[in-house]
Amino acid sequence: MKYVIIIGCSKTGKVLAEDLSATENVVVVDRSLKVLDSLREDFNGKKIWADALDINTIEQAGTKEADAVFLLTGNDNLNLVMGKVIKRKYEVEKVVLQVSDSLKKRIFSEEGLTIVNRTYLISEVLKKCI
Amino acid sequence: MYIVIAGAGRLGLVLAKKLKEDKHQVCIIDKNETLCNRLARELNGMLIIYGDATYPDILKEAKIEKADVCVSAASSDEDNIIICYLAKELFGVKRTVARVNDPKHIPLYKYMKVDNPVDSTSIIARVVEEEASFTDVVNLFSIKKGRLSIVRVDIPEDSPVANKVLKDIKLPPNSVLVSILRGPDIIIPYGSTVILPGDEVIAATLINLEKNLTKKLIGKI
């Protein structure tokens with residue numbers, strides 16, 4: 001069982017959390033109680049209601065022990081800042097973040113930091129449909 | 001100097017005007033279009049750029065690579081951190097200064113190598129706390145963002161140091177008496193100087209040790 005932290009739990013984060021919690025040890029973090037409550041009944045993980053832009057929250061989520069951290073808040077800059085900090089300070093093996101701007105994706109890419117761009121992914125899938 | 005300021009809120013604007021008065025070249029970036037249009041009309045001799053400064057192309061438009069300092073004064077801490085990070089890492093700006101909106105975000109500024117995160121909330125809290133404390137200690141001025149204070153202490157009748165020779169008084173570490181004001185006289189203290197009730201003592205101390213110094217000179221806090 002892997003220890004996975006998901007920060008930002010609307011849309012993508014929600015689907016990922018619900019899926020992964022069936023097989024992995026999942027912690028979700030979101031600043032909205034409504035979003036956390038909207039997780040499916042069978043979500044089998046821990047919920048943390050807190051501001052993600054905060055070292056204390058990251059500590060509370062047990063980042064030190066995490067195998068992977070996903071940053072999926074809708075805020076590119078927050079995802080980037082926390083992604084870098086988590087990588088540097090906690091040496092988590094896999095840090096994955098969603099960034100909608102492709103230039104920022106290029107600039108901030110570094111080893112061990114996987115930056116996912118939704119538009120790019122969808123266009124790749126679309127290309128394969130031809 | 002050439003200074004780029006991201007964020008034309010109250011702080012950004014006051015700073016920009018001040019720097020302009022001091023003959024620096026200033027560029028302001030803000031993501032509010034209406035505000036930028038107004039500023040472009042009202043402020044002469046300043047470059048105003050409308051756009052999101054967390055995007056490298058906007059910073060480039062501001063010619064940030066030529067800047068001596070980048071000041072990020074946006075109201076969102078993640079934006080300030082990214083702006084300073086890009087200015088430094090991508091454009092080689094030597095000095096980055098940012099306004100910290102929430103003190104609990106300071107560690108993040110440090111991890112992301114912002115040179116000078118200015119925590120206005122804590123600075124103001126410290127000043128207000130000092131102004132609101134009812135002691136015989138008056139803070140004359142502070143250096144290094146309030147960490148070193150020059151204080152004036154009025155020595156009361158019942159002071160534990162009254163009528164004592166200076167060399168017999170053990171001051172807390174990192175505190176020093178600068179001078180003694182006695183009536184019209186200004187005394188530069190030596191080991192043999194005696195402190196009298198009614199003296200006004202001018203002392204320099206680190207802010208966190210101010211209470212120790214007060215306790216020593218007045219006997220209470």
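Two strands count as paired if DSSP finds at least two bridges between them. The exercises below apply to a predicted model.

**Exercise 1.** Determine the order of the strands in the open sheet of chain B, and state which strands form its edges.

*Solution.* Step 4: On average, neighbouring strands are turned by 15° against each other, direction ignored.

**Exercise 2.** Examine the pairing of S1 and S4 in chain B, and find the bridge partner of B:Ile5.

*Solution.* Step 1: Four bridges join strand S1 (residues 2-6) and strand S4 (residues 69-72) of chain B in the parallel sense. Step 2: Within S4(B), B:Ile5 has B:Val71 as its bridge partner.

**Exercise 3.** Identify the strands of chain B across which helices H1 and H4 lie.

*Solution.* Step 1: Helix H1 (residues 10-21) of chain B lies across S1, S2, S4 and S5 of that chain, and runs at about 165° to S2(B). Step 2: Helix H4 (residues 77-89) of chain B lies across S1, S4 and S5, at about 180° to S5(B).

**Exercise 4.** Explain why the buried residues of H1(A) line one face of the helix.

*Solution.* Step 1: The buried residues of helix H1 (residues 12-20) in chain A are A:Gly13, A:Lys14, A:Ala17 and A:Leu20. Step 2: Viewed down the axis of H1(A), the buried residues fall within an arc of 145°, so they line one face. Step 3: The cover over these residues includes strand S1 (3-7) and strand S2 (25-30) of chain A.

Note on methods:
Residues are numbered from 1 along each chain as its sequence is written. Chains are lettered from A and ligands numbered from 1 in the order in which they are written. This is a predicted model: local features need pLDDT of at least 70, side-chain atom pairs count only at pLDDT 80 or more; totals for chains, interfaces and linings use all residues. A residue is buried if 20 or more other C-beta atoms lie within 10 Å of its own, exposed if 12 or fewer, and partly exposed in between; C-beta atoms are placed from the backbone. Helices (H or I, at least four residues) and strands (E, at least two) are DSSP runs, numbered from the N terminus. The arc is that of the directions from the helix axis to the C-beta atoms. Two residues are in contact if their C-beta atoms, placed from the backbone, lie within 7 Å. Axes are lines fitted to C-alpha atoms, for helices over the stretch in contact, and angles run from 0 to 180 degrees between N-to-C directions.
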